[in-house]
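Please read them beside the sequence and the structure.

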Amino acid sequence: GGAAMYAGLQELGVANGEDLKETLTNCTEPLKAIEQFQTENGVLLPSLQSALPFLDLHGTPRLEFHQSVFDELREKLLERVSAIALEGKVEERYKKLEDLLEKSFSLVKMPSIQPVVMCVMKHLPKVPEKKLKLVMADKDLYKACAVEVKRQIWQDNQALFGDEVSPLLKQYILEKENILFSNDVSVLHNFFTPSPKTRRQGEVVQKLTQMIGKNVKLYDMVLQFLRTLFLRTRNVHYCTLRAELLMSLHDLDISEICTVDPCHKFTWCLDACIREKFVDNKRARELQGFLDGVKKGQEQVLGDLSMILCDPFAINTLALSTIRHIQDLVGQDTLPRESPDLLLLLRMLSLGQGAWDMIDSQVFKEPKMEADLITKFLPMLMSFVVDDHMFTVDQKLPSEEKGPILYPTTIPEAFTKFLQENRIACEIGLYYFLHITKQRNKNAFLRLLPALVETFSDLAFSDIFLHLLTGNLTLLGDEFALEEFCTSLFDGFFLPVCSRKENVHRHVLRLLLHLHHKVAPTKLESIQKALEPTKQSGEAVKELYNQLTEKLELRKPSPAEVTETPSMELPLPTVPTPASL
């Protein structure tokens, strides 16, 4: 510790503690030697010589005096360095700072002087290579230096930068997954509730933004990390981070980076759509302009655009807009192929859904849209919307004109096939299913649910879909008392996959923690049995299952209570309803 205190003084010809030790070891009159050392190394101000004994009389130790002078001088020097960095001609000011660095760098390991050296380096746009290498080689120095200096080190050391960024990316993915699996099951607050601006205030995005500063090279490195990780894991949250990072730099007006990222304007426009959760006609034209404007020889930008469109927040916005368009078309008696707005949404959806394949194959061209999707699948969806309208109208007809009205229970085989074989059809189909659930349309729910058992790459069992579905199911809470509804939902859809898909097991437990009191008791018992964790189950499943078991235990009345308590349930008085209702 002592050595560190004086690190580097010798090279500057300044006496240090070691020198004093040596002097005292080899002298005959220690007190005289001390006095001489003080005179040679003290503050060389004639007026001070007479003042110091005055401090001695007040019992102020010399150390305290020197320390306060030192601190004062250091503050002044730090202020001066920051001022030099802003004044005079650019070359001159940096020359001054470089000279200062040259003189002071040997003291960089001395704790009391280190802040000054660090401050000089922080204000130098280019710290000499040799000094950077010395800082990099010393863990403590590297830790102590300002982010402005670290950027200069990182830009030529991708591996070191990667080590700094990697834990942040892990943290980001973990945060996303925690939201998807949170115990909060609600239709009002879900994964997609926070606005883009709010999301960009998140810790990881802010830290990365700060680490990058205005450095294009570092920005490119982070994008390269994100692409590589997206390829390696297929995790779409990396696509979200790609867009959030660009928009965070946009918020700060970092034109050095925004002007060189070819996706900037497209992302900015899409960001506004995500904020509104809808792509309006004006913005649709703008987005289309960007896609049509990709020039020959610049097709590689499609890889970046596809990653921006693969962000779940973008997919969510495009899919919700598609469902709205389909409903509008039913009202306008228009076919999907006659709606350019709808075709553009599908084009962007397929570009987003094709991101992984495009970046993996390095073949940069827009995926071909299958004609069947537009001429067969979407009209089929529209016919479901029509079925709902017809059923609603039929129910309102006066009773003498009514035969027994039955809601259609079957679905065309072609529909199920589309959900299994066509990624875009599957995505739209699932969003339509979320839509009818949110509308509390139990008939349509039970009709379409069987089609979800087998979907394209198991999309119906993906976390984002299940997160949204469990939230929307809270609106159908009262249906859980019905045997038929529970059998379709649990036995027909959820339970058969719980054993092979841990995430489904977790989502079902989340749902039941929220709605167990609505489920018919006999049914609840068999569902609970089916959800019991196995030896292979992860901690999260066991933890949720224990929570559910505890909740159900609390609900069970004790045997004594069951027999003694007389029924308090009185028949409700019938209230006459006004004819108008």
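1. Is L208 buried or exposed? The model is a predicted one, and in it L208 has a relative accessibility of 1%, so this residue counts as buried, the cut-off for that class being under 20%. L208 belongs to helix α13, which spans residues 203–212.

2. The surroundings of L208 can be listed by residue. Setting aside residues up to four places away in sequence, L208 touches V165, L168, L169, L241 and L245. V116 is 92 residues from L208 in sequence, and their C-alpha atoms are 26 Å apart in space.

3. R242 is placed in helix α15, residues 237–251. Its relative accessibility is 1%, so R242 counts as buried. Not counting residues up to four places away in sequence, R242 touches Y219, L223, L226, D261, C263, D304, M307 and I308. Two aspartates, D261 and D304, are among the residues that this arginine touches.

4. G162 is part of helix α11, residues 158–180. The relative accessible area of G162 is 16%; because buried means under 20%, G162 falls in the buried class.

5. Next, the pair α18 and α21. Helix α18 covers residues 281–292 and helix α21 covers residues 340–353; their axes come within 11 Å and cross at roughly 50°. The crossing of α18 and α21 is left-handed.

6. Which residues make the contact between α18 and α21? On the α18 side they are N281, A284, R285, L287, Q288, L291 and D292, and on the α21 side D341, L344, R347, M348 and L351. Sorted by class, this contact has 6 nonpolar, 2 polar and 4 charged residues.

7. The last point concerns the largest nonpolar core, which has 167 residues. Within this core, F490 and F494 touch the most other members. Apart from neighbours within four places in sequence, F494 is in contact with L466, L469, L473, L489, V504, V508 and L511. In soluble globular proteins, nonpolar side chains tend to be buried together.

How values were computed
Residues numbered from 1 in each chain as written. Predicted model: local features only at pLDDT ≥ 70, side-chain atom pairs only at ≥ 80, totals over all residues. Heavy atoms only, no water. Axes fitted to C-alpha atoms, helices over the stretch in contact; angles between N-to-C directions. Helix = DSSP H or I, 4+ residues; strand = E, 2+ residues; numbered from the N terminus. Left-handed = near helix turned anticlockwise from the far one by under 90°. Contact = heavy atoms within 4.5 Å. Nonpolar A, V, L, I, M, F, W, Y, C, P; charged D, E, K, R; others polar. Buried < 20%, exposed > 50% of the residue type's maximum accessible area, 1.4 Å probe, protein only. Core = buried A, V, L, I, M, F, W, Y, C linked by side-chain atoms within 4.5 Å.
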